[in-house]
Amino acid sequence: MRDAGQPTFGRQSRAGLAAAFGIFLATLLGVSAAKAIEMSAEVANLYSSVSIYPPSAKSMTVCYGFVCRRREILDFTAADRSAITQIMAAGRASAAAERAAVQKVVVWFDRRMGPILGTNKRVAKADFRYFDDKHNYDCWDTTRNTTSLLLVLREWGLLKHHAIGDPKYRGNTLVLQTPHNTAVLVDRATKIDWVVDLWPRGYLQPPDVMTVQKWVTED
């Protein structure tokens with residue numbers, strides 16, 4: 001486990017420069033763009049907007065403290081990979097089973113990182129109004145972390161029935177629906193988008209998994 005450091009406020013304005021530097025550094029190291037982890041522009045923006053690197057098959061940046069103001073590097077151990085692979089093996093039979101397995105992987109992640117970050121004290125639907133950023137995720141943090149987990153699963157060849165979709169957003173103040181966002185899986189067979197949304201749930205509770213069509217109507 002490595003401390004990724006805590007950025008100063010206003011750093012998001014340098015996201016483009018950080019992304020350009022990352023490409024330049026990769027070129028210097030002889031890493032071609034084709035070998036970089038594949039993602040859409042919308043997914044890539046989750047990382048560049050807070051000046052962090054996307055996940056790899058070996059590690060990911062874990063965001064917490066609201067909009068990734070606090071962060072920690074999770075270096076996946078052999079035991080981590082074995083545990084996740086075993087969880088996902090139960091989901092090979094069908095898309096529904098795979099979504100259920102992904103839920104369990106997110107719970108595994110919550111348990112894995114909770115004692116390290118202090119997020120084992122986190123609450124459902126946390127935001128700045130709770131005045132406890134050091135123990136909580138906001139929905140930006142959970143969207144980034146869950147998307148990172150999904151990318152790692154794909155890199156490990158553990159997603160059989162789903163692709164990774166762009167994050168989805170909702171919010172309509174006219175009907176008192178607060179702004180919110182989430183990570184998304186796309187069923188390869190049906191092309192239906194499914195959310196994997198940890199933010200509405202407390203510590204060690206399974207994330208919401210439902211169609212985007214249903215999710216956008218939720219409060």
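A residue is called buried here when its relative accessible area is under 20%, exposed when over 50%, and partly exposed in between, using a 1.4 Å probe on protein chains only. Val-50 counts as buried because its relative accessible area is 4%.

Before we walk on, a word on the model. It is a predicted one, in which local features need pLDDT of at least 70 and side-chain atom pairs count only at pLDDT 80 or more, while totals for chains, interfaces and linings use all residues. Residues are numbered from 1 along each chain as its sequence is written, and side-chain values use heavy atoms, with hydrogens and water left out.

Let us stay with Val-50 for a moment. Helices (H or I, at least four residues) and strands (E, at least two) are DSSP runs numbered from the N terminus, and Val-50 sits in the loop between α2 (41–48) and β2 (59–64). Its C-alpha lies 8.4 Å from that of Arg-69, although 19 residues separate Val-50 and Arg-69 in sequence. The loop between α2 and β2 also holds Ser-51, whose phi is near 60 degrees, a positive value in a residue other than glycine. Ser-51 is buried, with a relative accessible area of 17%.

Now follow the chain into the strands. Two strands pair if DSSP finds at least two bridges between them. β2 and β3 (70–75) pair in the antiparallel sense over 6 bridges, with Thr-61 facing Ile-73 of β3 as its bridge partner. These strands form a hairpin with 5 residues between them, and Gly-65 in the turn has a positive phi of about 80 degrees. Cys-68 belongs to the loop between β2 and β3; its phi is near 60 degrees, positive in a residue other than glycine, and with 0% relative accessibility Cys-68 is buried. On β3 you will also find strand β1 (residues 2–3), joined to β3 by 2 bridges in an antiparallel arrangement. There, Arg-2 stands opposite Ile-73.

Thr-77 counts as partly exposed because its relative accessible area is 36%.

What about the interior? In soluble globular proteins, nonpolar side chains tend to be buried together. A nonpolar core is a set of buried Ala, Val, Leu, Ile, Met, Phe, Trp, Tyr and Cys residues joined through side-chain atoms within 4.5 Å. The largest one here has 37 residues, and those with the most contacts inside it include Val-62, Phe-76 and Phe-109. Elements giving two or more residues to this core include α2, β2, α3 and α5 (139–155), while α4 gives the most, with 8 residues. Apart from this core lies another of 6 residues, among them Val-186 and Trp-215.

Counting contact as heavy atoms within 4.5 Å, and leaving out residues up to four places away in sequence, Phe-76 touches several residues, including Ser-59, Ile-84, Trp-108 and Trp-156.

Finally, turn to His-162 in strand β4 (residues 162–172). His-162 is buried, at a relative accessible area of 0%. Its side chain joins that of Arg-99 through a polar contact of 3.1 Å. Such a contact is a pair of N or O atoms within 3.5 Å; within protein, one must be able to donate a hydrogen and the other to accept it, and residues adjacent in sequence count only if both atoms are side-chain atoms. Beyond its neighbours within four places in sequence, the contacts of His-162 include Glu-98, Leu-185 and Asp-187.
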